[in-house]
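Thanks for asking me to look this one over. My comments are below, with the cut-offs spelled out as they come up.

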Amino acid sequence: MTETASSVLAPWSNFYIMAGSSAGALTGLMFVVITLVTGVERLRRNRDGLSTFSTPTVVHFGAALLVSAILSAPWHSLVSPATILGLAGLYGIVYVLRIMHRTGRLTEYKPDLEDWVCYTVLPLVAYCSILAGAIALVAIPVKALFALAGGALLLIFIGIRNAWDIVTYIAIEFYNKPPSES
């Protein structure tokens, strides 16, 4: 028996409502964090760290929200969401490769292994999972939905970890220095 898009996606609706809501709320919190640190003079002078670490974190939350929204829509066929998700996964892979390049060019901060893993390697794995899930969505939807969910959830957890890393770095690096140094 051929399953309809609705019958395949319906069991996942609670998951994607929860994941999408979380990604949206966490995106909003990143905006609050960036707003709170706009007064730090060193951040205004050197935007490399912001574009290498903070912006990708917002992009990853946005990607998880996008995956959730796409898979929560009432599709009549799985071809359209598979195509859109495939393009999103492909874009994510290209975006992370650009971030890898940017990370390697940083001059004021040298990322350690943990930074490389959490800001580039794991997001690359997540976007590859989304792309693979999108490719498989029409042929083997049940397994593909697990790959898509895994990719979206990985992006959310990466974002949570990276947002915490950004906040603690800013707190330690900028707010614990005497006013003459910041």
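The points below go from the overall fold to one helix pair and then to the cysteines.

1. A word on the basis: this is a predicted model, where local features need pLDDT of at least 70, side-chain atom pairs count only at pLDDT 80 or more, and totals for chains, interfaces and linings use all residues. Residues are numbered from 1 along each chain as its sequence is written, and side-chain values use heavy atoms, with hydrogens and water left out.

2. The protein chain has seven helices and zero strands, in the order α-α-α-α-α-α-α from the N terminus. Both types are DSSP runs numbered from the N terminus: helices are H or I with at least four residues, strands E with at least two.

3. Of the 182 residues in the protein chain, 41% are buried. Buried means under 20% relative accessible area, exposed over 50%, and partly exposed in between, with a 1.4 Å probe and protein chains only.

4. Helix 5 (residues 79-104) packs with helix 6 (residues 113-136) at an angle of about 160°, their axes 8 Å apart. Axes are lines fitted to C-alpha atoms over the stretch in contact, and angles run from 0 to 180 degrees between N-to-C directions. Helix 5 and helix 6 are therefore roughly antiparallel, a label for angles over 145 degrees.

5. Now the cysteines: C118 is buried, at 11% relative accessibility, whereas C128 is partly exposed at 36%. The disulfide count is zero, a disulfide being a pair of cysteine sulfur atoms within 2.5 Å.

Note on methods:
Parallel < 35°, antiparallel > 145°, perpendicular 65-115°, else oblique.
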